[in-house]
Amino acid sequence: MKKLRYYISVAAMFTKLSIQSELEYPFMLIGHILANSIQWVVGFATIKFVVDQFGSIGGWGYESLAFLYGMSVLSHGLAVVFYIQTWYMGYDVIEGEFDRFLLRPMNLVFQFLFSDFNLIGFTDMIPGLIVFFYGCAKVQLVPSLTNILLVICTLAGGTMIRGAVWMFCGSMSFWTKSTANFTDMVGELFERVSMYPITIYPKWVQAFFTFLLPLAWITFWPVKDMLELGITPIPVPLAVVTLIVGLLMFVGSCAVFKAGMGKYESAGS
Amino acid sequence: MKPYIFISKLRIQTALAYRFNVISTILIQCLVMYAMSCFWIAAYNGTETVSGVNQRDMITYTTISVIMGNLLTMGVQDRIARSVRSGSVALDLLKPVSIYGIYLAEDLGDCAAAFFQKAIPLLLVGTVIFGFPAPASFVHFLLFLFSFAIGYLINWILAALLGLCAFKTLRLGPLANAKGFIMKLLSGSIFPLWFFPAGFRRVLELLPFMNIYQLPLGIYIGQYTMDEILLRTGLQLFWCAVLWLLFDILQKKMSAVILIQGG
Amino acid sequence: MNIIEVSHLIKEYKKIKKESGLRGAVKNLFVQKSETVRAVDDISFAIEKGNIVGYIGPNGAGKSTTVKMLSGILQPTSGEILVNGISPQRDRKRVVQNLGVVFGQRSQLNWDLRLGETFELLKRIYQIEDKTYKDNLGMLNEIFQIDCFIDTPVRQLSLGQRMRGDLVAAMLHSPDVLFLDEPTIGLDVEAKYSVRKFIKEINQRSQTTIILTTHDLGDIQELCQRVIIINEGKIIEDGSLDELIDKIAPYRHLIIDFYQSTTVPHPHAELISVNEARSVYRFRKDQITAARLIEDISHTAPIKEVGLEEAKIDDIIRTVYQQGNVAEP
């Protein structure tokens with residue numbers, strides 16, 4: 001209990017200081033708000049244009065797609081808030097930036113996850129919320145307590161799945177000792193699997209993204225479940241499965257990170 | 001010319017050194033390419049043509065677009081930003097070769113390495129899964145190559161222009177974001193502009209971005225008539241010249257500022 | 001009491017051998033050869049509580065690698081380290097709770113924040129009680145005079161101020177052991193002088209054990225009771241600076257200006273140069289004292305001026321490094 005309080009107090013301090021240092025560059029923040037808002041709104045518009053031409057994609061009309069898209073941008077934004085440091089792990093490994101964590105008497109994974117709280121991620125949330133509420137209205141989702149809980153489960157699970165994948169990719173640098181950055185490419189993959197219904201892919205691809213690399217859980221399965229109430233092969237809502245998958249991925253990514261730290265060689269000689 | 005060629009060669013060697021990087025890139029890019037092709041198959045869902053393009057052409061378009069994306073990676077904007085931030089820019093400008101020439105040589109070296117490491121494997125995988133993404137005709141293919149080369153230059157100059165912004169802002173942050181998003185959505189790399197509503201499309205056709213992906217790809221699949229190709233390639237060259245001029249003026253201005261301040 | 005004990009410490013690195021040229025690069029894509037390099041090669045030593053020990057050696061000798069293993073950043077390939085009786089590899093958290101580390105080349109302060117804010121963070125991380133924190137900060141402020149820039153963003157501090165900030169940050173939780181990796185690198189003469197003074201003061205006030213790696217031999221001369229010299233991963237000398245000087249460079253030079261050109265030999269000193277009225281003698285400290293030598297010579301010819309030259313520490317260290325290289329070609 002005392003230990004928990006200790007970790008929470010440090011996490012709060014980390015967060016406070018991260019926010020403070022970001023506010024040192026207010027124009028950056030404003031720039032990101034503008035760039036990201038336009039990006040996601042226009043991004044959704046282009047999908048809508050294309051879907052309008054074809055009528056529907058994989059059996060999904062643009063109303064459901066808006067809901068899916070909004071959900072995806074929201075968990076993307078949250079993942080950026082909590083996991084942005086995973087993008088620079090290659091650099092951290094090469095430059096010996098993990099020395100600092102190793103010199104402090106705290107859990108390494110904790111320090112890594114909480115030392116960088118990224119306000120900029122919230123700039124993704126603004127357009128995310130716009131498209132999300134637009135989608136909610138279009139699919140006529142009732143704001144009932146159940147639905148709110150399902151959305152929260154999905155967002156939490158989705159954020160953890162995204163973060164875990166980034167962390168796996170970043171941790172590779174411990175072994176490869178290269179600064180190679182897969183964030184952009186993995187991001188594209190996330191988009192393809194979380195912003196479009198995965199029913200457009202052959203069955204084996206769907207199975208791959210459901211069971212092996214569980215990206216389909218970020219948005220697709222829980223959203224499908226929420227939109228077509230009641231038709232589930234298992235007795236729990238799929239949003240809860242997302243949360244469980246997210247937690248498992250989280251634990252896995254922490255283990256990989258820890259194993260990687262064992263391989264860490266600092267910088268120089 | 002010699003130092004530039006040497007630099008390009010060096011870059012090819014460096015790129016080859018990262019085996020893991022290459023293999024993972026190919027894997028992820030294959031997945032992305034595959035996913036996009038599935039998207040079009042699902043969208044067409046048996047329909048013959050939409051907006052004058054059939055499903056086969058769209059898959060070809062997607063395959064070539066993903067390959068092009070791997071050839072069009074630009075290091076120049078980060079290079080400029082980094083050298084401005086570290087202050088080494090003043091030294092760079094004093095070197096007896098053009099620093100921008102060196103950046104271009106580096107990027108061309110990366111492009112050459114990517115051709116062998118990524119483009120060819122992706123083309124092979126694409127061919128195995130969806131059949132060979134053949135161009136409309138051999139003439140179209142040659143025109144595509146020309147158009148792609150000009151598109152490459154436009155893309156490079158845009159990246160370099162963005163890099164020059166670092167002289168004022170030090171960090172590129174949101175600017176780089178915005179550029180990435182424009183490249184993705186407004187250049188035709190994912191969705192060709194002909195699927196967009198007429199008004200939106202006309203605006204995008206006035207901007208230089210569609211010259212990077214949409215124009216070469218449209219030529220490749222034979223979406224444009226010869227007259228249109230001629231006209232649009234002319235416009236593309238015009239954009240290239242205008243952007244180059246702009247870059248040259250700005251670059252000289254920035255250099256002058258730096259050399260007076262002493263970095 | 002030994003606060004640090006190191007025995008048979010070895011650290012090996014795998015280095016990938018790459019073939020050169022474009023053809024080599026293509027070949028490397030398929031086959032890669034690696035070779036093992038020993039950065040630290042069977043090192044043992046022990047350090048007593050309250051000592052300041054200089055850990056020196058040429059670039060790439062293995063200094064930083066050793067310090068990083070001592071502080072738990074790196075895993076040794078083999079060998080044992082005990083800091084305060086605890087192994088940093090087995091119980092990292094407990095060791096670093098009692099450890100302060102400063103890397104001269106890299107700051108642990110947050111670039112965008114005020115100095116004081118980093119201290120607040122460290123207070124939480126090390127769970128320092130309010131009272132202890134206040135007392136420590138007060139004492140450290142007395143030594144380092146950081147009050148005048150504690151509210152300045154770190155990016156605006158001078159290098160000397162930043163180093164003082166880093167030293168305070170490392171000392172806030174009153175560690176028993178302090179590792180300083182090139183703490184005076186890049187500092188101007190004034191800042192160097194004050195940092196040395198501060199280090200001395202910390203050591204005296206709190207009996208902090210300090211290990212110092214440096215290329216600045218002035219640091220060693222000013223601060224260290226003991227010097228460990230490492231080259232190519234091996235310890236080649238270990239002892240007090242005086243002992244080292246006696247061992248490596250037992251000679252001193254006596255310069256005598258006579259009133260006129262003359263040559264005066266002496267049985268216990270070698271006359272190494274005679275230039276008109278100036279003669280330079282080389283003698284061993286253990287054979288004859290300078291006073292005796294001057295007296296003896298003055299019996300033969302009247303002396304106008306004398307000067308005594310100690311062996312230069314830079315030269316001594318260079319001699320040691322070169323010996324190391326000769327020993328292992």
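Two residues are in contact here if their C-beta atoms, placed from the backbone, lie within 7 Å. With that in hand, here are my notes.

1. **Ground rules.** This is a predicted model, in which local features need pLDDT of at least 70 and side-chain atom pairs count only at pLDDT 80 or more, while totals for chains, interfaces and linings use all residues. Residues are numbered from 1 along each chain as its sequence is written, and chains are lettered from A and ligands numbered from 1 in the order in which they are written.

2. **Confidence.** pLDDT is the predictor's confidence in each residue, on a scale from 0 to 100. Chain A has a mean of 88, with 97% of its residues at 70 or more. Chain B has a mean of 86, and 96% of its residues reach 70 or more. In chain B, the lowest confidence falls in helix α1 (residues 2-17) of chain B, with a mean of 74, and the highest in helix α10 (residues 214-220) of chain B, at 94. Where pLDDT is low, the predicted coordinates should not be read in detail.

3. **Chain C as a whole.** Chain C has 11 helices and 13 strands. Its radius of gyration is 25 Å, well over the 20 Å that the globule rule gives for 329 residues, so chain C is more spread out than a compact globule. (The radius is taken over C-alpha atoms, and the rule is 2.2 Å times the number of residues to the power 0.38.) Along the principal axes, the C-alpha atoms of chain C fill a box of roughly 75 × 60 × 40 Å. Of the contacts in chain C between residues at least 6 apart in sequence, 70% join residues at least 24 apart.

4. **Domains of chain C.** The domain assignment gives domain 1 (2-10 + 40-245) and domain 2 (251-310) of chain C; such bounds come from an automatic or database assignment. The centres of these two domains of chain C, taken over C-alpha atoms, are 44 Å apart.

5. **A buried strand in chain C.** A residue is buried if 20 or more other C-beta atoms lie within 10 Å of its own, exposed if 12 or fewer, and partly exposed in between, with C-beta atoms placed from the backbone. By that count, 36% of the 329 residues of chain C are buried. In strand β3 (residues 52-56) of chain C, five of the five residues are buried, so β3(C) is largely enclosed by the rest of the structure. One side of β3(C) carries C:I52, C:G54 and C:I56, and the other carries C:V53 and C:Y55.

6. **Neighbours of β3(C).** Strands pair if DSSP finds at least two bridges between them. Four bridges join β3(C) to strand β7 (residues 209-213) of chain C, and the two run parallel. Four bridges also join β3(C) to strand β8 (residues 226-231) of chain C, again in parallel. C:G54 has C:L212 as its bridge partner in β7(C), and stands opposite C:V227 in β8(C).

7. **Two residues worth a click.** C:V264 sits in the loop between β10 (251-258) and β11 (269-275) of chain C. C:V264 is partly exposed, with 18 other C-beta atoms within 10 Å. Beyond its neighbours within four places in sequence, C:V264 is in contact with C:S279, C:I297, C:T300 and C:A301. C:G160 lies in helix α6 (residues 159-171) of chain C. C:G160 also counts as partly exposed, with 18 C-beta neighbours inside 10 Å. Leaving aside neighbours within four places in sequence, C:G160 is in contact with C:L187 and C:A191.

8. Chain A has 12 helices and zero strands. Its radius of gyration is 19 Å, close to the 18 Å that the globule rule gives for 269 residues, so chain A is as compact as a globular protein of that length. Of those 269 residues, 48% count as buried. Turning to the interface, 27 residues of chain A are in contact with 29 residues of chain B. On the chain A side, the elements that give two or more residues are α2 (26-54) and α9 (183-194) of chain A, and the largest share, 13 residues, comes from α2(A).
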